[in-house]
Amino acid sequence: MAYVIGVDVGGTFTDAVLDDDAGNIVAAKAPSTPPDYSQGVMDVLGVLAEQLGMPVEQMLADTHHIAHGTTSSLNALVMGNVPPVGFLTTAGHRDSIFIMNVEGRYLGGSPDQLQNVLGQSKDHGLLPKRHALEVIERVDRDGTVVVPLDEESVRTSVRKLLDADVKAIAVSLLWSFKNPAHEQRIREIVHEIDPDMFVALSCEVSPRIREFARSSTTVMSAQIGPGLRDYLGSLEGQLREHGLIGPLLVMQSNGGAIAAAEAPATAISTVGSVLTGGVVGAVSLGEQLGHSNIISTDVGGTTFLVGLVVDGEPVRTSSTIINHHPINVPTLEVHAIGSGGGAIAWLDKGGNLQVGPRSAQSVPGPACYDAGGTEPTNTDANLVLGILPETGLLGGRKALNVEAAREAIRVQIAEPLGLSVEDAAAAIYAIQNAQTGDLLRKTVVETGHDPRDFVLYAFGGAGPAYCGFYSAEVGVKECIVPLGPVASAFSAYGLASSDIVLASELSDPGQMPLDPARAMDNFTSLEEQVNAALERQGLDFERIEMVRSLDLRYTAQLAEVAVEVPGGELDTAAMAQVMADFEQRYAELFGEGTGFSAAGVQAITFRVRGTGVLPFSPALPKVDPATDPDPSVALHAIRKVCLDPRLGYVDTPVYDYRKLRAGHRITGPAIIEVPTTTVVVPPEMTGTVDHLGNLTITTRN
């Protein structure tokens, strides 16, 4: 028996899904354990082993690999909880990281923040100026060395940084993506002085044009690299001690995994690892259900995440923004707000009720956890409204205190607003549904898609409690809640479903149509890099798939649009087709007639994405069919639940998911209790169990 395990470490809970090679899937959930998240990983593996009825050592010894996603890197960057790092760049260019190409003043800001000029913070620096030093060298735009590297200036700067007790050094020289020799030599010099110093090179982390974005990406990778190295090293050590023989893989932002030993070298590629797990799972489940256009929504304890799958492929982007800085990371495009089950309800200075983005996380957790939390959260509101059972979460293993929840809402929200506790809880629930609906509109409608053409998947511990409402809010007709063995651990299911995905890229600007020989040289070089990296993963693949793409733009524009390039030999006709595809894609994104062909088209960055397909593709097992649609055999209880403040508390049937079968049809309002989540079927909606045990909520006829 060979197992594959996906582990999703969230801010509140750590989820795990185990798949064997016989079609069986087991899921588990345990509280996350900050600051040492590895303990939560070991805890959830213990729960998996318990369900299998075997020691954890035996389970790990029979495990082919573990795919791990973590928020630790992203959380460290967002909260600024990173060690001091040094920055080395070409003489005369140190201040580029502080000038931030001006865009650092507004990137990532909301419209309200941008309009409030006086209220904007200008303190977005990545590191203090005393930690940014220069070295003497110069490479021109063609990669020709104009000024040789002055190694003595390097040694002087490195010693200054070491004296300042930096924990890592980021190196980003001018035009190094055209000629990396000077950056590579600097790393050798650093290791001559301090062999253990962590060094991030822009030619490896982000070999792309545009100095500021390349430098900020490299600095951030250096900031999280040592911590990721230490965390993964410690976790892998514990796993080996407990019998793991197969590799530990780490999920990346691009939707694929990489060996843990290699992940720290390009640490920035892991910042969205947990965010992408659910999208990968949606693609896998979509193949089983015949859905090609999917809105993937994940409401966990801390965040609400939305990603799109269009025509069977997840929507990708070549960059993202963290703390006002552009980050060159090929990633699945996932939008997030701090609106999970642990999102804190609070009153702003104007007395308006807000929910999130602050979260109670797992420590201290919502007030109802009775672990020291005093601020009301979405979870507390759901408990007061009767949506969550007073018997607790995780099949009763996580006790809930309804009186503590009521007290937190009374003191913080109800009395200041002159409301009853029940009405305040209903207001919190309504705001959660409204702001999740807003993010859906931003993700789907504002990118030119019609929600009516999509099916929505809802998962995460809290997602199924809201999905019926936010699906209807944007006009989606069907909402699928993946239940069965994965339930709230769907992102971990996505991790277990993931293959190895590696990407290499290189900026080599040129006017289109490019010389096919030049394009082939670049793509061939990148494909060789990707193949070599895949070989280093230490895994046997069923096959390797390569996808080429090229970032193009109209001359004088600043932003590019990625276009897929055919495999094999390229000729003049192929390059002309690439240019035509760009113009078509540009029109799809920005509207017919918005392009300007007369300006000419420029090719900027070449990219190759290689996928090593693993011999595992977890498929959800079928469930037994029901004898008729009547679900009364699964009726567990009747309790007072408030889903609509206009109707108040209504006697609502509560069903035990474990007794539901394929074909059972549930009419709302209704509650379905799953050991790891709670599903709400709103009034005037219906839920039907499909052949895989998923619940399809029909939001309108």
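Ala414 is buried (under 20% relative accessible area, where exposed means over 50% and partly exposed lies in between, with a 1.4 Å probe and protein chains only), its relative accessible area being 1%. This is a predicted model, in which local features need pLDDT of at least 70 and side-chain atom pairs count only at pLDDT 80 or more, while totals for chains, interfaces and linings use all residues. Residues are numbered from 1 along each chain as its sequence is written, and side-chain values use heavy atoms, with hydrogens and water left out.

**Surroundings of Ala414**
- Ala414 is found in helix H12 (residues 402-417), where helices (H or I, at least four residues) and strands (E, at least two) are DSSP runs numbered from the N terminus.
- Not counting residues up to four places away in sequence, Ala414 touches Ile409, Leu419, Ser420, Val421 and Ala424, contact meaning heavy atoms within 4.5 Å.
- The C-alpha atoms of Ala414 and Ala427, which are 13 residues apart along the chain, are separated by 9.8 Å.

**Helix H16**
- The 20 residues of helix H16 (residues 516-535) should span 28 Å at 1.5 Å a residue, and the end C-alpha atoms are 28 Å apart, which agrees; the expected span is 1.5 Å times one less than the number of residues.
- The buried residues of H16 are Pro516, Ala519, Met520, Asn522, Phe523, Leu526, Glu527, Val530, Ala533 and Leu534.

**The four-stranded parallel sheet**
- Four strands, in the order S6-S5-S9-S10, form an open sheet with parallel pairing, two strands being counted as paired if DSSP finds at least two bridges between them.
- Strand S6 (132-135) and strand S10 (198-201) are the edge strands, each pairing on one side only.
- Neighbouring strands of this sheet are turned by 25° against each other on average, direction ignored; axes are lines fitted to C-alpha atoms, for helices over the stretch in contact, and angles run from 0 to 180 degrees between N-to-C directions.
- Strand S5 (residues 85-90) is joined to S6 by four bridges, and Leu88 stands opposite Leu133 in S6.
- Helix H7 (residues 181-193) lies across S5, S6, strand S9 (168-172) and S10, running at about 175° to S10.
- Helix H9 (residues 211-241) also packs on the sheet, where it touches S5, S9 and S10 and makes about 155° with the direction of S9.

**Strand S11 and its partners**
- Both faces of strand S11 (residues 248-251) are covered, with Leu248 and Val250 buried on one side and Leu249 and Met251 buried on the other.
- Strand S4 (residues 63-70) pairs with S11 in the parallel sense over three bridges, and Ala67 stands opposite Leu249.
- Strand S12 (residues 257-259) pairs with S11 in the antiparallel sense over three bridges, and Val250 stands opposite Ile258.
- S11 and S12 form a hairpin with five residues between them, and Gly255 in the turn has a positive phi of about 90°.

**Nonpolar cores**
- Leu45 and Met59 touch the most other members among the 90 residues of the largest nonpolar core, a core being a set of buried Ala, Val, Leu, Ile, Met, Phe, Trp, Tyr and Cys residues joined through side-chain atoms within 4.5 Å.
- H9 gives the most to this core, with ten residues.
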